[in-house]
Amino acid sequence: MRRYKSARWEQTRQTALRLAGYVCQECKRHGVTSPDNLHVHHINPRDARPDLFYDQRNLYVLCQRHHNEMEDRTTGELTRKGALLRDRLNRRRGVPPSSL
């Protein structure tokens with residue numbers, strides 16, 4: 001996807017990493033720090049909510065292992081665990097329902 005090559009995305013990504021303290025947020029929830037191989041995950045998949053692509057409320061920093069648990073990396077679809085995370089974080093972060 002072309003957006004991932006843009007300067008705007010790189011700035012958004014760097015902001016998400018900085019706000020998360022450069023650690024996986026799921027590892028942190030479990031008392032572990034994992035600063036290696038970090039990914040910036042779209043809580044609401046980019047195809048489902050393109051309006052939230054650059055929105056920090058929709059971004060969550062994960063290590064590769066946790067990213068693979070949240071999203072089918074082949075299809076981009078959320079796993080059951082990813083859907084639970086989406087629902088929890090949307091409520092907590094005040095992400096509005098899709099108008100699509």
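Modeller: A residue counts as buried when its relative accessible area is under 20%, as exposed when that area is over 50%, and as partly exposed in between, with a 1.4 Å probe and protein chains only. Thr-12, at a relative accessible area of 9%, is therefore buried. Please keep in mind that this is a predicted model, in which local features need pLDDT of at least 70 and side-chain atom pairs count only at pLDDT 80 or more, whereas totals for chains, interfaces and linings use all residues. Residues are numbered from 1 along each chain as its sequence is written, and side-chain values use heavy atoms, with hydrogens and water left out.

Colleague: Which elements does the chain have, and in what order do they run from the N terminus?

Modeller: Elements are DSSP runs numbered from the N terminus, helices being H or I with at least four residues and strands E with at least two. Here there are four helices and two strands, in the order α-α-β-β-α-α. The radius of gyration, taken over C-alpha atoms, is 13 Å, close to the 13 Å of the globule rule (2.2 Å times the number of residues to the power 0.38) for 100 residues, so the chain is as compact as a globular protein of that length. The C-alpha trace spans about 40 × 30 × 30 Å along its principal axes, and buried residues make up 41% of the 100 residues.

Colleague: Which residues does Thr-12 contact, leaving aside its neighbours within four places in sequence?

Modeller: Contact means heavy atoms within 4.5 Å. Thr-12, which lies in helix H1, is in contact with Tyr-54, Gln-56 and Leu-59 once those neighbours are left aside. For the chain as a whole, residues 24 or more positions apart account for 64% of the contacts with a separation of 6 or more.

Colleague: Is Leu-85 buried or exposed, and where is Leu-85 found?

Modeller: Leu-85 is found in helix H4 and counts as buried, at 3% relative accessibility. Apart from neighbours within four places in sequence, its contacts are Glu-26, His-41, Tyr-60 and Met-70; of these, Met-70 is 15 residues away in sequence, with a C-alpha to C-alpha distance of 7.9 Å.

Colleague: How many salt bridges are there?

Modeller: Side chains of opposite charge can pair when their charged atoms come close. The rule for a salt bridge asks for a side-chain nitrogen of Lys or Arg within 4 Å of a carboxyl oxygen of Asp or Glu, and by this rule the count comes to nine. One of them joins Glu-69 to Lys-81, whose closest N and O atoms are 2.8 Å apart. Because Glu-69 lies in helix H3 (residues 64-70) and Lys-81 in helix H4 (residues 80-93), this pair ties together parts that are twelve residues apart in sequence. Both partners are partly exposed, Glu-69 at 26% and Lys-81 at 42%.

Colleague: How far along helix H2 are Arg-29 and Glu-26 from each other?

Modeller: They are three residues apart in helix H2 (residues 25-29), and therefore separated by about one helical turn; their salt bridge has an N to O distance of 3.0 Å. Arg-29 is partly exposed at 48%, whereas Glu-26 is buried at 3%. Another salt bridge pairs Glu-71 with Arg-73 at 3.6 Å, N to O, where Glu-71 is buried at 8% and Arg-73 is partly exposed at 41%. Returning to Glu-26 and Arg-29, salt bridges that share partners join these two and Arg-88 into one network.
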